[in-house]
Amino acid sequence: MDQAPRFHAHPFDDDKLKEECGIFGVIGVTDASNFVALGLHALQHRGQEAGGIVCYHPDAGFNSARRFGYVRDNFTSQDVMETLPGPLAIGHVRYSTAGSKAAAIRDVQPFFGEFSRGGAAIAHNGNITNAIALRRELIERGSIFQSSSDSECIIHLMARSLQKSVPERMEDALRRVEGAFSVVAMTRTKLIGVRDPLGVRPLVLGKVADGWCLSSETCALDIIGAEFVREIEPGEMVVITSDGKVDSRRPFRSQPSKFCIFEHVYFSRPDSIIGGKSVYDTRRRIGVELAREAPVEADLVCPVPDSGTPAAIGFSQESGIPYAMGIIRNQYMGRTFIEPTEQIRNMGVRLKLNVNRALIKGKRVVLVDDSVVRGTTSRKIKEMILDAGAAEVHFRIASPPTAWPCFYGVDTPQREKLLAATMTEDEMRDHLRVDSLRFVSLDGLYRAAGEAEGRDNACPQYCDACFSGEYPVEPSDMIEKGFELKATE
């Protein structure tokens with residue numbers, strides 16, 4: 001087995017929620033893998049630990065490449081890309097949420113399986129909440145797992161299906177799966193995309209040249225010059241053939257959509273479009289809501305780069321307080337270190353961010369960030385601002401308090417490590433030692449996302465479990481491990 005490099009998360013990134021992965025697929029173009037590599041590069045923010053591409057060529061058959069690290073460092077090499085020929089390919093970039101935290105090359109997707117009617121590869125964004133039970137059942141029936149990833153369950157369920165075609169086997173398999181899944185898959189002649197019945201994770205359809213593509217986000221369509229066609233709908237499966245035909249199926253019982261609202265807050269790139277809405281504009285409107293809900297007297301509004309920037313602009317526009325770049329981000333700082341020294345790790349957030357001292361000194365500063373998870377980074381940033389001579393520091397957070405873990409494909413700490421799980425807003429303010437701390441309300445977040453009346457508490461329009469503790473799909477694996485759901489009133 002190939003040994004993985006030992007990655008250490010940078011201290012700044014360790015205090016952010018992380019998406020599990022991004023997925024991309026292309027059919028009907030020459031050298032599809034090159035398009036996939038570009039698409040994955042645009043989706044790098046969704047997974048920076050590793051990436052993989054599987055392709056098919058009529059003469060060469062299926063080929064794959066899986067690597068640790070950035071897309072730019074692995075899939076821009078001519079030597080690598082020449083091993084991935086053909087008009088059909090899918091790819092994946094990942095973080096390790098489910099699966100082993102000690103990365104192994106065998107956990108890197110896409111996964112490939114050889115079935116009675118030909119091979120198929122699959123890449124999955126999300127998390128299967130009954131994966132432990134499924135894995136136990138499959139192993140008892142003779143399945144041999146190669147990885148620690150929950151996504152491999154789908155391949156084994158497909159292999160055991162009595163259906164004939166690969167799309168039918170996939171339908172059969174996914175009906176057994178609980179949780180959140182957006183999937184891209186491929187056979188020798190077909191590109192397949194599926195979203196779970198609640199549509200928790202995103203997936204979009206695009207048209208590129210004479211072919212088609214599937215992507216986690218619209219920003220990845222832009223990089224290859226593809227035209228955005230539409231979102232794959234919750235509970236929909238699309239099967240795209242090599243001759244360009246797009247067939248839509250509905251394998252699941254229809255349910256109200258529960259798209260992840262944190263995609264609007266942080267996960268998606270600001271230049272993506274979700275549900276017909278600009279992610280950038282939604283984040284700007286969150287800042288507007290924050291300024292209305294939690295006004296403060298101050299001299300400057302400063303974002304915590306880069307995710308706090310649109311909300312800070314909105315806060316400034318609504319409040320009339322000048323916007324300023326009080327914190328500068330080092331653009332050339334990598335997301336992770338490999339074996340950093342203890343001395344370098346202790347420098348912490350200063351490696352990533354630096355305070356604009358001449359601007360900050362003597363000023364009352366509003367810092368706008370997207371979230372507070374553990375609070376460790378927020379304290380370090382506050383200390384940097386005060387060290388630079390700020391008179392006051394006020395935090396405004398562009399999401400409600402993150403008080404519950406996500407089990408649908410987001411790397412979330414255990415509940416007891418979430419600051420908002422054990423502290424009130426006032427207690428968090430005192431813990432962070434700032435002059436004031438306010439979060440946008442859940443209703444304010446929903447209004448910013450386009451729901452004029454706010455959150456429908458009887459049937460929420462989004463999945464907001466990380467804020468509310470209301471899980472649209474019961475996390476059965478975690479309950480088996482002792483996780484306690486929120487008490488119903």
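**Strand pairing and helix packing**

Modeller: Strand β19 (residues 300-303) pairs with strand β23 (residues 364-369) in the parallel sense over four bridges; two strands pair if DSSP finds at least two bridges between them. This is a predicted model, in which local features need pLDDT of at least 70, side-chain atom pairs count only at pLDDT 80 or more, and totals for chains, interfaces and linings use all residues. Residues are numbered from 1 along each chain as its sequence is written, and side-chain values use heavy atoms, leaving out hydrogens and water.

Biologist: Is α4 parallel or oblique to α5?

Modeller: Helix α4 (residues 131-140) and helix α5 (residues 152-160) pack at an angle of about 45°, with their axes 10 Å apart. Angles under 35 degrees count as roughly parallel, over 145 as roughly antiparallel, 65 to 115 as roughly perpendicular and the rest as oblique. The angle therefore makes α4, relative to α5, oblique.

Biologist: How many charged residues has the contact of α9 with α10?

Modeller: Helix α9 (residues 279-293) and helix α10 (residues 309-319) pack at an angle of about 45°, their axes 6 Å apart. Tyr 280 and Arg 283 are among the α9 residues that meet α10, contact meaning heavy atoms within 4.5 Å. Asp, Glu, Lys and Arg count as charged. The contact divides into eight nonpolar, four polar and, as charged residues, four.

Notes
Axes are lines fitted to C-alpha atoms, for helices over the stretch in contact, and angles run from 0 to 180 degrees between N-to-C directions. Helices (H or I, at least four residues) and strands (E, at least two) are DSSP runs, numbered from the N terminus. Buried means under 20% relative accessible area, exposed over 50%, partly exposed in between (1.4 Å probe, protein chains only).
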